Amino acid sequence: MLRASVEASGGHLDARAITNPSIDPGIAGGRALVAFVDAFSARQELDLRRNEVQSALGPAGLVDAAGVIANFEMMNRVAEGTGIPVGKGSLARTESWRAALGLDVFRHQ
Amino acid sequence: MAFLEHPPVPVRPDIAAAFEREWARLAGPGSSWTGSERVDMAAAARSSREGGAPSERLPDAAIAVAVRLGAEPGTMNRQEADRASAAVGVGRYVELVGVVARTAAVDAFHVALGVPLPEFPEPVAGSATARLEAAATTGPAWVPMVGGSSIVNALSLMPDEAAAQEDLHGPLYLTYDQMEDLTFRRGLHRAQMELVAARTSALNECFY
């Protein structure tokens, strides 16, 4: 979805930022968004990172970012609790990304 | 019940409304657990993330899943899922996963915005409805599903749980239909949303 949405918008993304937050994702507000997710996960510097997202992307952007975090906290648990496999088509489409980002360490079968 | 007290920014009313519906569902009897048991599951999951003692009223296997899935979803494994399904029944296991997952969503939104977590609702008395999808079949996933193994169908053995998941999914992220729109824009544009989703999943060690 990430790669497809970047391609649909005609933009560029450095996907390594997904697993390496020191890398600039290359999309507007990307650094602030990644730092916000990291702060949420670690429960550290959340006020600072929240303010950075609000400054970069506005109040509605902050609400959307919190909403997406919340949704994927839910969906990750549904996926991990029910053991849904990733489809063969998705695996084929994402092979190069998975290898580059080291995502194959996560369960997907 | 207080949701989103004194948020730092205005929150869309559809999000607060979705949380109110979720808490009403949580309090009431589910398909295979009572309201009291559902609230206990949610409390066990929250305590695993935020501290506190989990309920001692649930079966041990249910508490174990609520704690693991609540705090470290990426460590969940088939053996534990199978053990819990055998102990409490697969339908009850699926409902447990749904309750724990949605509680995580409600809590996460509050934590992300820096507002206090909402208190759990008072359970509503009543018997479980025993509503279960008889057409669900066993496939490559760990639990039976209707319509193939996918994240949208993951809880379909228990239709009320699948509907509850969809009810939160729209306000927090996108409706299932909106997911087709790769140029969707609200407070964030779609690529920004997907970056947040991908980083969240990576930190949860979740391939999804």
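Start with the second largest pocket, which has a volume of about 330 Å³. A pocket here is an open set of points on a 1 Å grid over the protein atoms alone, where a 1.4 Å probe fits and protein lies on both sides within 12 Å along at least five of seven lines; lining residues have an atom within 4 Å of a point. The volume is the space filled by probe spheres set on the points, which are joined across faces, edges and corners.

A word on the ground rules: this is a predicted model, where local features need pLDDT of at least 70, side-chain atom pairs count only at pLDDT 80 or more, and totals for chains, interfaces and linings use all residues. Residues are numbered from 1 along each chain as its sequence is written, chains are lettered from A and ligands numbered from 1 in the order in which they are written, and side-chain values use heavy atoms, with hydrogens and water left out.

Now select Ser41(A), Glu73(A), Arg77(A), Ala71(B) and Asn204(B): of the 21 lining residues, these lie nearest the pocket's centre. Colour by element next, and α5(B) gives the largest share of the lining, four residues. (Helices are DSSP runs of H or I, at least four residues, numbered from the N terminus.)

Next stop, the largest nonpolar core. It has 86 residues, and among those touching the most other members are Phe36(A), Leu4(B) and Phe109(B). Such a core is a set of buried Ala, Val, Leu, Ile, Met, Phe, Trp, Tyr and Cys residues joined through side-chain atoms within 4.5 Å. Show helix α3 (46-82) of chain A too, as it gives the most to this core, with 15 residues.

Zoom in on Phe36(A). Beyond its neighbours within four places in sequence, its contacts (heavy atoms within 4.5 Å) include Leu62(A), Ile69(A) and, from chain B, Ala112(B).

Hop to Leu4(B), in the segment before α1 (13-27) of chain B. Its phi is positive, about 55 degrees, though it isn't a glycine. Leu4(B) is buried, at 9% relative accessible area; buried means under 20%, exposed over 50% and partly exposed in between, with a 1.4 Å probe and protein chains only. For another positive phi, about 60 degrees, pick the non-glycine Ala130(B), which is exposed at 63%.

Finish at Arg46(B), in helix α2 (35-50) of chain B. Is Arg46(B) buried or exposed? Buried, with a relative accessible area of 11%. Its side chain reaches the backbone oxygen of Pro118(B) at 2.9 Å.

Definitions and conventions: Helices (H or I, at least four residues) and strands (E, at least two) are DSSP runs, numbered from the N terminus. A polar contact is a pair of N or O atoms within 3.5 Å; within protein, one must be able to donate a hydrogen and the other to accept it, and residues adjacent in sequence count only if both atoms are side-chain atoms.
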